[in-house]
Amino acid sequence: MKLDRLVAKHQSLGRNKARDRIAQGRVEIDHLTEIRPDREIDRFHKITLDGHIIQPGARRLHLMLHKPAGILSATTDPVHPTVIDLIDDPDARTLHLAGRLDRATSGLILLTNDGRWSKALMHPDHKVPKTYLVHTRDPIPASAIEAFSNGFHFHTEDITTLPAALEILTENAARLTLHEGRYHQIKRMFHRIGNQVTALHRERIGNLQLTKNLPPGAWRHLTGEEITAAYSPSLDRTSA
Ligand code: URA
């Protein structure tokens, strides 16, 4: 929304009168005088006119959470506990998830009330990498590396999965990096090579790594630097 529109609406003024007040230097955004009537604002800006608050400015929240297995990646559910239930913040109900995990999967979940940020991070065109630690029922053959890199055709959606980087760690464990997030994608990929995922844990999204000392169920605010760096066009996508 433009600043003059907010001032006009709040004061029940015409747009021209609102513009006059702004031009007179009577409006502040986040404690700084703003004289441009067409300045874009959002609900996170604190806005005053003659020192009186006309918009308080919502708290902008960005969190990382260590989702334990068994907790739902949802904001509400009539039966099961959700990740939101783990967040003891008065504004927890304003949060949405930047990407989900299956109920049995553990690891990094990002939550925010900043739709622009989550949209950029999750946009399919941006192909932000997500890294998982996978444990399997049967040994993972070396041939799986090429199979995952070539991609699998999923008949239901009629798509071929993007090249995924598989690093075999032990007989039954691997680190897998995807650049997309299809329904049950990892389970389905392992199923296609005749194997089964027994445990799945997300370690990383873009430039954000799940903090080592954050136990399952715990969360923390992201730093300003992390918020900016979470998604950057310089992320290495050449392996995709
Ligand atoms: N792939 C899956 O199968 N499950 C997840 O939770 C994430 C990716």
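In this predicted model, a polar side-chain atom of Asp 102 lies 2.7 Å from a nitrogen atom of the ligand. Taken alone, the ligand exposes 240 Å², and the protein buries 94% of that area. The ligand sits in the largest pocket, where the residues around it include Asp 102, Tyr 132, His 184 and Lys 187.

- A polar backbone atom of Gln 185 is found 3.5 Å from an oxygen atom of the ligand.

**Composition of the shell**
- The residues around the ligand are Leu 101, Asp 102 and Thr 105, together with Tyr 132, His 184, Gln 185, Ile 186, Lys 187 and Leu 200.
- Sorted by class, this shell holds four nonpolar residues, three polar residues and two charged residues.
- Helix α5, which spans residues 185-192, supplies the largest share of the shell around the ligand, namely three residues.

**Domain arrangement**
- The chain is divided into two parts, with domain 1 covering residues 3-55 and domain 2 covering residues 62-229.
- Between the C-alpha centres of domain 1 and domain 2 there is a distance of 41 Å.

Technical notes
Residues numbered from 1 in each chain as written. Predicted model: local features only at pLDDT ≥ 70, side-chain atom pairs only at ≥ 80, totals over all residues. Heavy atoms only, no water. Near = heavy atom within 4 Å. Polar contact = N/O pair within 3.5 Å; in protein donor to acceptor, adjacent residues only side chain to side chain. Areas by Shrake-Rupley, 256 points an atom, 1.4 Å probe, with all protein chains shown as cover. 1 Å grid on protein atoms, 1.4 Å probe; cavity = no way out; pocket = protein on both sides within 12 Å on 5 of 7 lines; lining within 4 Å. Sits in = over half its atoms within 2 Å of the grid points. Helix = DSSP H or I, 4+ residues; strand = E, 2+ residues; numbered from the N terminus. Nonpolar A, V, L, I, M, F, W, Y, C, P; charged D, E, K, R; others polar. Domains from an automatic or database assignment.
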